[in-house]
Amino acid sequence: MPVDSTLVGRTYATKTPYEVGREKIREFADAVGDPSPAYRDPDAARALGHPDVVAPPTFPIVVAFQLLNELFADPTTGLALHRVVHADQKFAADRPIHPGDELVATLTIENVRQVAGTDLILTRTDIRTADGAPVCTARASVVHREEAA
């Protein structure tokens, strides 16, 4: 059964801020295999003009993915995680992320369309500091396959 297009405009929001820490930044850099010292060494980051270590540009997925999981777990969407494939991810940064930032986010379903029996779902996640300053916009496209016959 196709995903209902009336989901367009539905939102999911973080319930508590995500507190960014040096260790979380280092773990993320390790996980994505990025050896940049700016993600681990405050002096290296300061030499680049940052006040402390800086997060890799794709770090906001940590916050965005929490909301994608909420979307997939919502029984009213008709989505089944075992039939979802992540197709595309884009980030538009407003500013770097540093330790001590407290991030909140809102995911919005921007578009749902069906192509050849497969649902394409486009989401936008606006990530801000807890006091409202813009940090990043993350856009994701996911493919929701039909149940095998």
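Predicted model: local features only at pLDDT ≥ 70, side-chain atom pairs only at ≥ 80, totals over all residues.
UniProt, in an unreviewed entry, lists residues 7-137 as "domain: FAS1-like dehydratase". In the model, this span is 23% helix and 34% strand, and its end C-alpha atoms lie 20 Å apart.

Strand 4 (residues 102-115) is a handy reference point for the strands. Strand 1 (residues 11-13) runs antiparallel to strand 4, and three bridges join the two. Here A13 sits opposite T106 of strand 4. Strand 2 (residues 18-19) also pairs with strand 4 in the antiparallel sense, this time over two bridges. Within that pairing, E19 has E102 as its bridge partner. Strand 4 is joined to strand 5 (residues 118-129) as well, through 12 bridges, and these two strands again run antiparallel.

Next comes helix 1, which covers residues 22-32 and has I25, F28 and A29 buried. Viewed down the helix axis, these buried residues fall within an arc of 100°, so they line one face of helix 1. As a general point, an α-helix has 3.6 residues a turn, so residues three or four places apart point the same way. What do the buried residues of helix 1 pack against? Their packing partner is helix 3 (61-73). Just past the end of helix 1, G33 takes a positive phi of about 75°.

F28 turns up again among the aromatic residues. There are two aromatic pairs in the count. In one of them, F28 and F59 have ring centres 5.4 Å apart and planes at 75°, so this pair is edge-to-face. F28 belongs to helix 1, while F59 lies in the loop between helix 2 (42-47) and helix 3, so the pair ties together parts that are 31 residues apart in sequence. Both F28 and F59 are buried. Together with Y18, the two phenylalanines form one aromatic cluster.

Is T129 buried or exposed? With a relative accessible area of 8%, T129 is buried, the cut-off for that label being under 20%. The side chain of T129 makes a polar contact of 2.3 Å with that of D131. Once neighbours within four places in sequence are set aside, T129 is in contact with R95, E102, L103, V104 and V135. Among these contacts, E102 is also the bridge partner of E19.

The other threonine, T14, lies in the loop between strand 1 and strand 2. T14 has a relative accessible area of 15% and is likewise buried. Which residues does T14 contact, leaving aside neighbours within four places in sequence? They are V63, Q66, L67, V104 and A105.

Definitions and conventions: Residues numbered from 1 in each chain as written. Heavy atoms only, no water. Pairing = 2+ DSSP bridges. Helix = DSSP H or I, 4+ residues; strand = E, 2+ residues; numbered from the N terminus. Buried < 20%, exposed > 50% of the residue type's maximum accessible area, 1.4 Å probe, protein only. Arc of directions from axis to C-beta. Contact = heavy atoms within 4.5 Å. UniProt positions renumbered as here; feature names shortened; annotations may be inferred. Phe/Tyr/Trp six-rings, centres within 6.5 Å; stacked < 30°, edge-to-face > 60°. Polar contact = N/O pair within 3.5 Å; in protein donor to acceptor, adjacent residues only side chain to side chain.
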